[in-house]
Amino acid sequence: MVPYFFLFPLVKLIFIPLNRIMRTDSASVMFVGKFDAIHSATPTHIQLSHKTNAQKSYHGNTVVAYIIGALTVFILFFLPYQGHLFLASLPNPYLLTNRDISVSTKLYDRNGVLLYQMYKDQNRSVLPLSDIPLQVRQATIAIEDKNFYQHGGISMISIIRAARSIYIQKQMQGGSTITQQLIKSALLTPEPTMTRKIKEAILAIWAERIYSKNQILEMYLNQVPYGHTAWGIEEASRMYFGKSVKSLSLSESAFLAGLPAAPSQYSPFGNSPNRAFERQRLVLDAMVKEKYITPSAATSAKKVTLTFAPIATDIRAPHFVMYVKDELEKRFGSRLLSEGGLTVKTTLDLSLQNKTEDIVRSQLEKLASASANVGNGAVLVTNPATGEILAMVGSRNYWDLKNQGNVNIITTLQQPGSTVKVINYVAALERGDFTAATVLNDTPVVYKIPGTEAFAPRNYDGIFHGFVPLRYALANSYNIPAVRTLETIGVQAMLSKGRQMGIESWDENEQYGLSLTLGGSDVTMLDLSRVYGTLANNGRRVDLDPILEVTDYRGRRLQKASPKDGIQAINQDVAWIVGDILRDNKAREQSFGVGSLLTIPKKTIAVKTGTTNDKRDNWAIGFTPSYVVTAWVGNNDNSPMRDSVTSGITGATPIWHDTFMYLLKDKEDEVPIKPVGVTSIPCHFGRTEYFVKGTEPMGGRCAPLPTPIPSPTPTPN
């Protein structure tokens with residue numbers, strides 16, 4: 001704590017002589033005024049006026065003296081003292097060559113079972129700069145700090161660019177030279193604050209006064225993280241390519257040079273390996289721009305197919321572990337993650353994880369035997385009330401690198417098919433002029449927009465069903481009523497509601513059309529899990545979090561999950577009604593039949609399926625108040641599946657069904673409680689329908705369905 005109390009005597013010490021200097025004639029006049037009041041015959045009112053003016057002048061000078069004294073103390077004592085405290089808090093750059101012993105980080109499931117242990121190999125080889133190939137050094141400088149040999153530790157141009165990102169784009173990024181990156185990685189935490197950036201800049205300038213440029217580059221190449229357990233270029237070369245850095249090709253050198261900026265994001269073994277190759281191409285282009293290599297050499301290097309050495313590691317739930325590792329790196333930085341001895345208790349239930357992995361493999365084998373052309377599958381299990389991720393199976397086999405098994409389907413963009421129709425109907429019901437009994441028109445329609453191809457939506461079964469209540473249109477996943485509904489409420493209404501419910505992939509700058517409700521824009525499984533979790537949680541969206549608690553090796557708690565209130569993304573009455581439609585097995589019989597895999601015996605479950613028109617993605621998503629299960633099948637090469645998979649009750653549905661059967665075994669049935677704001681009346685087909693109070697039809701009954709007008713072919717609308 002700063003001892004500010006010592007400043008007050010200093011203010012007084014400066015104020016007293018200053019005040020005496022400023023007490024010139026006005027003070028003397030006041031004294032004379034007092035003398036005259038006693039010894040002269042001057043009228044009393046003149047004496048009092050003279051005295052009052054003198055007092056005002058005296059008090060005014062007193063205030064000025066205090067202000068000047070306070071400013072003097074602030075400038076001469078307070079600011080230097082604060083500067084001393086700030087500089088004293090900085091680590092010494094000499095620590096770059098005198099490092100602490102690292103401690104491994106351990107990831108556990110929610111029950112204390114070890115999933116993965118991250119550590120830095122202490123037996124690494126530190127190479128002198130002369131032993132590191134020139135092309136590796138040039139690739140690193142080209143992509144990270146092209147003016148490395150010209151600046152004194154910081155780059156003013158980069159700092160201005162970073163400031164613009166921070167204050168205009170509200171992002172903490174950019175502006176770091178190689179020296180600053182070394183300082184941040186070795187001596188500072190990754191906290192995204194301006195204070196850390198200032199410390200980083202000061203230490204970078206300081207380090208440049210201690211070490212030569214080549215020494216700094218050598219330390220950078222030997223000390224920064226390259227992903228997983230690889231720290232330093234030599235260790236990275238051996239881990240990724242099974243060879244010394246001295247034997248790297250130009251293509252391999254450029255690949256490794258691109259990793260330190262974001263080791264987890266650019267890892268070829270991570271969730272999105274394509275990012276690594278995009279980064280490699282950027283490195284090669286930067287080398288051409290700096291005239292380190294020729295354009296033809298860069299073109300040849302881009303065409304080289306890299307062969308990676310297999311990673312031998314003991315890891316459970318690898319897609320989940322890599323996902324958590326990315327999250328931890330964002331929050332705590334790669335060095336603390338690998339060396340800080342963190343103990344991370346995750347939300348994963350390993351027994352559930354193992355079971356879901358078995359289910360995915362088993363169902364994909366059945367699809368393979370049926371020649372369905374389905375090569376991959378994924379499933380995500382979450383708790384809608386807490387946002388906890390209980391199981392994450394990102395592919396059929398993480399270790400099948402040949403078929404991109406390490407790609408985590410959970411985090412990659414896919415077309416959602418009809419699964420997003422719930423967002424459309426939620427937005428419609430919240431308007432108040434749509435209800436579950438609203439009669440929708442399922443007849444042919446063609447939308448013609450100048451400059452684009454005509455859009456004529458079709459139903460999966462190829463049939464036009466005439467006038468259909470909203471409940472049955474959603475339950476049977478009819479396409480035309482959904483498109484007509486979106487036309488009425490507007491695309492922006494669905495986009496806005498989708499973002500509120502948890503869709504983070506819909507770009508505000510992108511143009512969307514009516515096909516949005518049929519899955520025309522990509523989402524992730526995480527997005528859809530949040531959307532359906534919002535419905536399961538009475539309209540409250542709770543964001544997903546895979547971490548329960550993080551402590552360091554000293555036992556200090558760095559993070560602990562707390563109960564989340566979430567955000568009331570949709571009206572709870574509307575959430576219950578949409579959930580009731582998705583739980584209505586009777587309403588969906590026309591499309592899915594009686595007793596399909598979309599039902600779980602003696603359990604109350606809401607479920608929605610989805611298939612893209614080109615048969616590349618197939619979904620099944622369902623929920624109870626305690627679980628959301630999101631299942632997907634498709635192919636990593638984006639090739640279409642056979643039509644037999646896309647019926648809505650095959651493909652992803654068996655994975656979803658078997659997962660819920662395991663989850664709900666020996667558990668009591670959870671029937672969602674109807675909110676007080678929902679009422680019911682007799683309605684279509686002799687069944688009860690539910691309404692938000694105030695939206696029910698007049699007279700206590702629904703009007704009969706109108707007689708449809710035959711329309712054998714689509715006509716322009």
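This is a predicted model: local features need pLDDT of at least 70, side-chain atom pairs count only at pLDDT 80 or more; totals for chains, interfaces and linings use all residues.
1. Which residues of α4 are buried? They are Val136, Gln138, Ala139, Thr140, Ile141, Ala142, Ile143 and Glu144. Since eight of the 11 residues in α4 (residues 134-144) are buried, this helix is largely enclosed by the rest of the structure.

2. You will find Ile293 in the loop between α11 and α12 (295-303). Its C-alpha is 9.3 Å in space from that of Gln138, although 155 residues separate Ile293 and Gln138 in sequence. Is Ile293 buried or exposed? Ile293 counts as buried because its relative accessibility is 15%, and the cut-off for buried is under 20%. Setting aside neighbours within four places in sequence, Ile293 is in contact with Leu250, Leu284, Met287, Val288 and Ala298.

3. Now step back to the whole chain. There are 23 helices and 18 strands in the chain, and 51% of its 717 residues are buried. If you take the contacts between residues at least 6 apart in sequence, 71% of them join residues at least 24 apart. The chain exposes about 33600 Å², with carbon and sulfur atoms supplying 54% of that area.

4. In soluble globular proteins, nonpolar side chains tend to be buried together. Here, the largest nonpolar core has 126 residues, and Trp506 and Leu535 touch the most other members. Apart from this core lies another of 29 residues, including Val374, Val393, Val607 and Val629. To see how Leu535 is surrounded, leave aside its neighbours within four places in sequence: Leu535 is in contact with Val422, Val426, Met501, Ile570, Ala575, Val578, Leu582 and Phe623.

5. Asp580 is buried, as its relative accessible area is 16%. Beyond its neighbours within four places in sequence, what is Asp580 in contact with? The partners are Arg471 and Tyr690.

6. Empty space is worth a tour as well. Rolling a probe the size of a water molecule over the atoms shows where such space is left. The second largest pocket has a volume of about 1000 Å³. Of the 39 residues lining this pocket, Ser272, Thr411, Thr412, Leu413 and Thr524 are the closest to its centre. Which helices each supply at least two residues of the lining? These are α11, α13 (318-332) and α20 (525-536), with α13 giving the largest share, five residues. By type, the lining of the second largest pocket divides into nine nonpolar, 15 polar and 15 charged residues.

7. Asn373 has a phi near 55°, a positive value in a residue other than glycine. Asn373 is found in the loop between α15 (350-369) and β6 (376-382), and its 37% relative accessibility makes it partly exposed. Lys602 also has a positive phi in a residue other than glycine, near 65°. The place of Lys602 is the loop between α22 (589-592) and β14 (606-611). Lys602 counts as exposed because its relative accessible area is 80%, and the cut-off for exposed is over 50%.

Conventions. Residues are numbered from 1 along each chain as its sequence is written. Side-chain values use heavy atoms; hydrogens and water are left out. Buried means under 20% relative accessible area, exposed over 50%, partly exposed in between (1.4 Å probe, protein chains only). Contact means heavy atoms within 4.5 Å. Helices (H or I, at least four residues) and strands (E, at least two) are DSSP runs, numbered from the N terminus. On a 1 Å grid over the protein atoms alone, a cavity is a set of points where a 1.4 Å probe fits but cannot get out, and a pocket is an open set with protein on both sides within 12 Å along at least five of seven lines; lining residues have an atom within 4 Å of a point. Grid points are joined across faces, edges and corners, and a volume is the space filled by probe spheres set on the points. Ala, Val, Leu, Ile, Met, Phe, Trp, Tyr, Cys and Pro count as nonpolar, Asp, Glu, Lys and Arg as charged, and the others, Gly among them, as polar. A nonpolar core is a set of buried Ala, Val, Leu, Ile, Met, Phe, Trp, Tyr and Cys residues joined through side-chain atoms within 4.5 Å. Accessible areas come from the Shrake-Rupley method with a 1.4 Å probe; for residues, only the protein chains shown count as cover.
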